[in-house]
Structure formats: C-alpha cells, structure tokens
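Keep the structure open while reading.

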Amino acid sequence: DTDADQPTLQVPKSPQEISELGHVFNELLKTQNKRLQRERDFVSNASHELKTPIAAIRGNINLIKRHGDKHPDVIPESLGFIDEESLRMQNLIKNLLDLSRADRAELILKDVDFSKLAQNIGTQYQKTIAQHLKLEIEPNLHISGNDDTLKQIIVALLDNANKYSSEDKPITLSLKEVDGKARLDIADLGIGIPDDQKSLIFQRFYRVDVSHSTEIKGSGLGLSIVSQLVKLNNGTIEVLDNQPCGSIFRVWF
Ligand code: ADP
C-alpha cells in the first residue's frame, strides 16, 4: 500500500497561522448564526401572521355551528369575516411564495422597451384600479431586464401608493432618462414615511406603526419582494419625501 495519492492534511505551521485560522472560523460561525437567526425570525413571523386569520376563520365557523340555527342573522356577518380573512391568508401565502422564488431566482435579462411596458401597465391600472393615476412617461427608454418582474415591481409600488393615500390626491408614475439611466418614480401625496423608518420598510414583515393603527391591511412583505426583484434586474431602489407630503419610491435601472 502506498499513501502517495492520499490528500494531505494542511496543518497550520505557526501560532500566528493558527490564530488567523481561528479568527476566520469565528467569523464564519457568526455569519452562519446570523443567517440562522434571520431564518428563525422569518419562520416565526410567517407562522404568527398565518395564525391570526386561521383563528378568526375557525372562530366564525364555530359561531355559525353553535348559533346559526337559532340566530341565522349571525351567518352573513360571519361569512363576511371568513371571506375577508381567507383572502388575507391567500395573499400572504402568495407573498411568501413570491419571496422564496425571488430569493432563489436568477433572471435572464434581455432588452425591454421600458417606456412601453410602463405605459401599458399604467393605462391598465388607470382603467381598473386608480383613475387618479397620472402618467409622465418619456418614450423609447430601453433597459436590460425581465418583463414579468418589472411589471410586478411597478404594480406593487402603485398598490402601495394607492393604499397609503386618499383617492382625491393624484398618484404619479413618471419615467425618464437621468444621467444615462432609466429613473422610475412612483409618487403619492399620502401619509408619508418618517425618516427613521425609511431603511426599515424594505425588511421582511416590517410595517410602520401608523399603518397598523390606521387599519390599512398588509403583511409587510410587499417591499421586501420589490427590493429583491429590483436587485435581480440589476436596479436600485430608494424612498424620498414627496412635496408637500407623501412619498416617492424611486427605482434606477
Ligand atoms: P404592506 O403594505 O403589506 O404593509 P410593504 O412591505 O409593501 O407592506 O410596506 C411596508 C410598510 O412601508 C407599510 O406597512 C407602510 O408602513 C410603509 N409604506 C409602504 N409604501 C408606502 C407609501 N407609499 N406611503 C406610506 N407608507 C408606505
């Protein structure tokens, strides 16, 4: 037998090398622990968010079972709750799936007529959801990107602008070339975002307090999905204050 082919174990030679290796190992452990903690937080947040609608659905089913016969008047209201809460759960699950897909995906980017895409989505959105949407789109802006996810980004930002402002205040979608890049702005005149919360809103499940208290429904996942998708399209996203109030979500490609 010869052990000439066996891999040889690299033994650190000096105390300094040993201490350097120890340091590298500790850093690796720290990164790993942080990732594990983030994953644990994510699972516990997701479970918590799913528990709430399920409890409401089960509560209302029990109510109908126990009192539906004698008090049929409870039925429509309970069915209304069940309808609403199951829809909330459906949306949440859709968001969770989007997020896990965006986490793993690598997109094939190709030439996209971004002006045409934004114009189409904007016109459709005006017709079906928000007549108060204004479009200011420079023609013929091309970027390298992926149609479906670009569309998803625009719709999610329009949905938020619509959700966090009132119908009598216009929302604006503008697209123009600035410094050789395409700049997409989705601006509203709504409740705005305090400075100290601006970096936090892109984190998973994060919601600004005021959106809880004003009963605007949401999971806090929308913007984390948007920022993943922006990254996959090689873009960047930031949020600014609009004048005299509200926010501008600005995406650069
Ligand atoms: P969701 O809207 O489901 O709560 P998002 O991830 O889309 O989750 O947004 C996170 C938080 O950022 C929201 O809860 C809200 O507090 C804030 N936010 C997002 N968009 C706007 C906006 N256009 N105006 C004001 N606040 C916003």
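How much space lies in the largest pocket? About 1,400 Å³. The model is predicted: local features need pLDDT of at least 70, side-chain atom pairs count only at pLDDT 80 or more, and totals for chains, interfaces and linings use all residues. Residues are numbered from 1 along each chain as its sequence is written, and side-chain values use heavy atoms, without hydrogens and water.

**Largest pocket**
- A pocket is an open set of points on a 1 Å grid over the protein atoms alone, where a 1.4 Å probe fits, with protein on both sides within 12 Å along at least five of seven lines.
- Lining residues have an atom within 4 Å of a point.
- The lining holds 47 residues, and K163, K217, G218, S219 and G220 are the closest to the centre.
- It divides into 22 nonpolar, 14 polar and 11 charged residues.
- Here Asp, Glu, Lys and Arg count as charged; Ala, Val, Leu, Ile, Met, Phe, Trp, Tyr, Cys and Pro as nonpolar; the others, Gly among them, as polar.

**Second largest pocket**
- Its volume is about 400 Å³, the space filled by probe spheres set on the points.
- Of its 14 lining residues, R38, E39, F42, D103 and R204 are the closest to the centre.
- Helix 1 gives the most to this lining, with 7 residues.
- Helices are DSSP runs (H or I, at least four residues), numbered from the N terminus.

**Helix 2 and helix 6**
- Helix 2 (residues 74–104) and helix 6 (residues 222–232) pack at about 25°, axes 10 Å apart.
- Axes are lines fitted to C-alpha atoms over the stretch in contact (heavy atoms within 4.5 Å), and angles run from 0 to 180 degrees between N-to-C directions.
- The two helices are therefore roughly parallel (under 35 degrees).

How values were computed:
Angles under 35 degrees count as roughly parallel, over 145 as roughly antiparallel, 65 to 115 as roughly perpendicular and the rest as oblique.
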